[in-house]
Amino acid sequence: MKKYWASYPYLLWMVIFIFLPLLLVLFYSVTVRTEEGVRFTLEHFQRFMEPIYLKVLYRSVKLAVICTVICLVFGYPMAMVLAGNHFKRKQVMVFLFVMPMWMNFLLRTYAWMTLLERTGLINAFLSWLGLPSLNLLYTEEAVVLGMVYNFLPFMVLPIYSVLSKIDKSLIEAAQDLGADDVTVFRKVTFPLSLPGVFSGITMVFMPAVTTFVISRLLGGGQFTLIGNLIEQQFLVVGDWNFGSAISMVMMLVILISIGVMSKYEKENEGSGLF
Amino acid sequence: MIRLLKKSYAALIYLFLYAPILILLVFSFNASKARGNWTGFTLKWYLELFQDRQIMKALYHTMVIAVLSSAIATVIGTAAAIGIHNMKKLKKKIVMNITYIPVVNPDIVTGLSLMLLFIFTKFRLGFVSLLLSHITFNLPYVILSVLPKLRQLDKNLYEAALDLGATPFYAYRKVILPEIMPGVITGLLLAFTLSIDDFVISFFTTGSGVSTLSIIVYSMARRGINPKINALSTLLFVAVLLLLFIVNLRTSGTSHEHKKRSEQKW
């Protein structure tokens with residue numbers, strides 16, 4: 001079966017629409033257009049080292065880390081509940097958990113706008129209780145909330161799938177040897193679930209650090225993240241060179257985080273890239 | 001006791017996940033523009049939605065792009081999967097790594113890099129550039145849906161067909177293709193859903209005058225709350241639910257894995 005040629009249209013397609021565009025980003029990030037033509041430079045990366053831009057990078061990473069930690073703290077117990085035998089129709093429960101993810105994430109984010117805004121439901125409820133209304137929308141907390149809401153399933157699902165694959169006899173063996181529930185969790189269940197935890201951390205951290213929509217809609221443009229910065233450079237300022245340089249930095253952050261995490265992620269079938 | 005605690009914890013998480021969506025759906029029927037209070041049932045936002053020519057045009061674009069991009073990606077991707085399946089180990093590994101680039105790369109980078117390509121080659125940004133971009137990000141998902149089916153395939157089937165006098169092409173059409181069809185259809189539906197769902201890549205690769213629904217939602221939401229979006233959300237949610245139901249009937253069990261991969265993109 002020598003049918004390699006069947007994949008040639010695809011390979012050509014990927015070279016044109018994936019490989020070349022990324023080369024262009026690299027090219028723009030290290031060049032500058034002058035009167036004599038285009039010359040090599042690292043000034044865009046140097047410019048990114050200025051405090052205002054580093055602050056944006058710092059804020060992006062900070063919010064993404066906060067979001068990841070919250071997702072882990074609330075997601076791990078949820079994964080345990082889903083993996084345990086608490087529900088008669090486990091598959092249905094898992095399906096119900098996944099379903100909101102299929103709604104467009106813009107709309108999921110927008111849903112929170114309608115809840116958090118000044119005349120929104122939460123403030124209406126507060127005033128019904130006779131409490132003063134709060135400034136909820138367009139805050140850093142709202143951005144984190146939107147991230148957690150959108151990305152929580154990415155934390156729960158990998159942990160859930162690892163937890164439900166754990167050999168029950170290992171847990172029984174630990175119990176037979178006299179371990180109490182806490183010890184079983186600490187010494188057996190949790191270490192065995194670590195691949196899922198690392199996979200979940202990657203899958204939450206990555207979209208959280210690259211988003212520009214959530215921060216724009218729920219942060220109202222006051223909390224510029226690295227994604228917003230890139231968007232601005234390309235679509236508002238028109239400085240492709242600087243925008244490309246920031247994109248390279250973002251890809252670097254992603255590559256590093258995937259690299260670190262995949263080291264711990266065992267038997268992750270399919271991710272041949274790293 | 002602990003059982004009850006666990007169940008109520010799960011209930012709280014489900015409430016967190018569903019409450020915003022349900023409120024959005026319910027308030028799409030609210031007469032008043034302010035979301036805080038319910039002032040009566042109305043369908044006027046739906047009416048306004050259907051009378052909004054800009055939104056109807058965007059709906060048309062979204063559907064045409066989704067149909068065309070998923071169909072083209074399915075054809076190219078299925079052929080590619082057959083080719084990749086027959087490759088030797090090293091070559092296969094290289095090609096698979098290329099396939100994973102758009103999956104792993106942040107959407108914003110994929111989007112702006114495509115935009116750079118189009119502008120650099122003086123290609124007009126608009127419907128065609130949007131379509132090409134959608135095909136590009138759909139392709140890996142088609143391949144990833146079809147490849148497992150090819151792996152399950154009995155090699156002898158193809159050889160038996162050849163022994164019985166079929167030409168290679170005829171054997172592929174009559175023997176291999178029917179066998180991998182479930183994977184092909186899953187890939188098609190997945191590509192279709194992803195295309196409808198995409199915002200970031202469309203946002204960067206479209207030109208003036210051509211918008212998709214996601215782009216409209218974003219530009220409307222950026223200006224604040226608009227009840228028309230609620231109505232639109234309700235319709236889109238129902239549509240996605242229907243699609244999801246079909247996909248799930250076909251491949252109960254594998255769809256989580258796909259979604260996991262696809263959502264990773266942004």
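Predicted model: local features only at pLDDT ≥ 70, side-chain atom pairs only at ≥ 80, totals over all residues.
Reader: What separates the C-alpha atoms of Gly224(B) and Val95(B)?

Author: Their C-alpha atoms are separated by 44 Å, and along the chain the two residues are 129 residues apart.

Reader: How do you know that the span of H5(B) agrees with its number of residues?

Author: The expected span is 1.5 Å times one less than the number of residues. For the 14 residues of H5(B) this gives 20 Å, and the end C-alpha atoms are 20 Å apart, so the two values agree.

Reader: What makes H5(B) mostly covered?

Author: Of its 14 residues, twelve are buried. The cut-off for buried is 20 or more other C-beta atoms within 10 Å. The buried residues of H5(B) are Asp107(B), Ile108(B), Val109(B), Thr110(B), Gly111(B), Leu112(B), Ser113(B), Leu114(B), Met115(B), Leu116(B), Leu117(B) and Phe118(B).

Reader: Which residue with a positive phi follows H5(B)?

Author: H5(B) is followed by Lys122(B), and the phi of Lys122(B) is near 55°.

Reader: How do the axes of H3 and H8 of chain B cross, and what is the hand of the crossing?

Author: The axes of helix H3 (residues 53-85) and helix H8 (residues 168-197) of chain B come within 8 Å and cross at roughly 145°. The crossing of H3(B) with H8(B) is right-handed. From H3(B), residues including Thr62(B), Ile65(B), Ala66(B) and Ser69(B) make the contact. From H8(B), Val184(B), Gly187(B), Leu188(B) and Phe192(B) are among them. By class, the contact of H3(B) with H8(B) has eight nonpolar, eight polar and no charged residues.

Reader: How many residues of chain B are in contact with chain A, and which element gives the most?

Author: In chain B, 70 residues are in contact with 69 residues of chain A. H1(B) gives the most to that side of chain B, with 14 residues. The elements that give two or more residues also include H3, helix H4 (89-104) and helix H5 (107-120) of chain B. By class, the side of chain B that touches chain A has 48 nonpolar, twelve polar and ten charged residues.

Reader: What are the domains of chain A, and what separates their centres?

Author: The domain assignment gives domain 1 (1-41) and domain 2 (54-264) of chain A. Taken over C-alpha atoms, the centres of domain 1 and domain 2 of chain A are 33 Å apart. Six residues of domain 1 of chain A are in contact with six residues of domain 2 of chain A. On the side of domain 1 that touches domain 2, helix H1 (8-29) and strand S1 (31-34) of chain A each supply at least two residues. H1(A) gives the most to that side, with four residues. By class, that side of domain 1 of chain A has four nonpolar, two polar and no charged residues.

Reader: How many helices and strands does chain A have, and what does the C-alpha trace of chain A span?

Author: Chain A has twelve helices and two strands. Along its principal axes, the C-alpha trace of chain A spans about 80 × 70 × 35 Å. Of the 274 residues of chain A, 44% count as buried.

Conventions:
Residues numbered from 1 in each chain as written. Chains lettered and ligands numbered in written order. Domains from an automatic or database assignment. Contact = placed C-beta atoms within 7 Å. Nonpolar A, V, L, I, M, F, W, Y, C, P; charged D, E, K, R; others polar. Axes fitted to C-alpha atoms, helices over the stretch in contact; angles between N-to-C directions. Left-handed = near helix turned anticlockwise from the far one by under 90°.
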